[in-house]
Amino acid sequence: MLVSVDAMYNITKVKSPKYTLVNGDCLDYLGQIPDHCVDLILTDPPYNIAQYSTGNIPLPGRTALNNDLAEWDLAPIEPRKLLDDFKRIIKPDGNIFIFTSYNLIGKWHEVFDSEFDTFQFFVWHKTNPAPKIFKNGFLNSCEMIACMWNKGHKWNFSNQRDMHNFFESPICMKPERLSNPKHPAQKPVKLLEHIISIASNENDVVFDPFMGVGSTGVAALKNNRKFIGIEIDKSYFDAARGRLFDKEAIF
């Protein structure tokens, strides 16, 4: 396994036959990715909802629920900064799936809608969301995914029943959910596998510029895809590196 360091941006790069992992800021590294080499961009950028979620929520007879999100979620996400590189690196028949929230879906639509033939949304319904203790609103049981592609994009349509823009699964629980480091937005591999199987083919390249602890990479390797991942946080990067090293040995 090759490990290199890009001194200009303080980037650490890990390469293997099945994946390339980068520890650094994706905005610094995106320009190094060749044109039209990615089949599927599947990523989970920060939602910028930390400003709305603060403090602990008391639970009767249980430990209080931590409602504080990570500090990295406070940094604003600007979809326009990603547009040019996403368009440049995605193949003409590629697909883009971006996890987002109610407060940012409009921004992604404003920037990306006019640049692709199709802009749709996909809903992940969490079957075990955090309880609403004060019973003063809806449970936060759904997350949105912005989806973009052009005419002639690859698409593995199975049947009408299974091709709804809706997927149900539990949120990540142990043993899949990591405890050290704990990522507050770790996505279940089952959900990511569903998207990867529909929007890419075997041996395709899946790219995640906000890799976190590497769940997209795990799903990619499990489904015989190659993977490129970027993560700015060193502890998350190290966790992703360990998970993908283990999966590479299996798959």
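Trainee: Which residues are linked in a network of salt bridges here?

Mentor: Asp39, Lys91, Asp93, Lys154 and Asp204 make up that network. Keep in mind that this is a predicted model, where local features need pLDDT of at least 70 and side-chain atom pairs count only at pLDDT 80 or more, while totals for chains, interfaces and linings use all residues. Residues are numbered from 1 along each chain as its sequence is written, and side-chain values use heavy atoms, leaving out hydrogens and water.

Trainee: What counts as a salt bridge, and how many salt bridges does a search of the whole structure find?

Mentor: Side chains of opposite charge can pair when their charged atoms come close. The cut-off is a side-chain nitrogen of Lys or Arg within 4 Å of a carboxyl oxygen of Asp or Glu. The whole structure has 13 of them.

Trainee: Let's take the network apart. Where do Asp39 and Lys91 sit?

Mentor: Their side chains meet at 3.2 Å, N to O. Asp39 belongs to strand S4 and Lys91 to strand S7 (residues 90-100), 52 residues apart. Helices (H or I, at least four residues) and strands (E, at least two) are DSSP runs numbered from the N terminus.

Trainee: Is Asp39 buried or exposed?

Mentor: Buried, with a relative accessible area of 2%. The scale runs like this: under 20% is buried, over 50% exposed, and partly exposed lies in between (1.4 Å probe, protein chains only). Lys91, at 27%, is partly exposed.

Trainee: And what is the distance between Lys154 and Asp204?

Mentor: That salt bridge is 2.9 Å, N to O. Lys154 is in the loop between strands S9 (142-149) and S10 (166-169), and Asp204 is in the loop between helix H4 (189-199) and strand S11 (205-208), so the pair ties together parts 50 residues apart in sequence. Lys154 is buried at 13%, and Asp204 is buried at 9%.

Trainee: Which residues make the contact?

Mentor: With contact meaning heavy atoms within 4.5 Å, H2 brings Arg80, Leu82, Leu83 and Phe86, and H3 brings Trp108, Val111 and Phe112.
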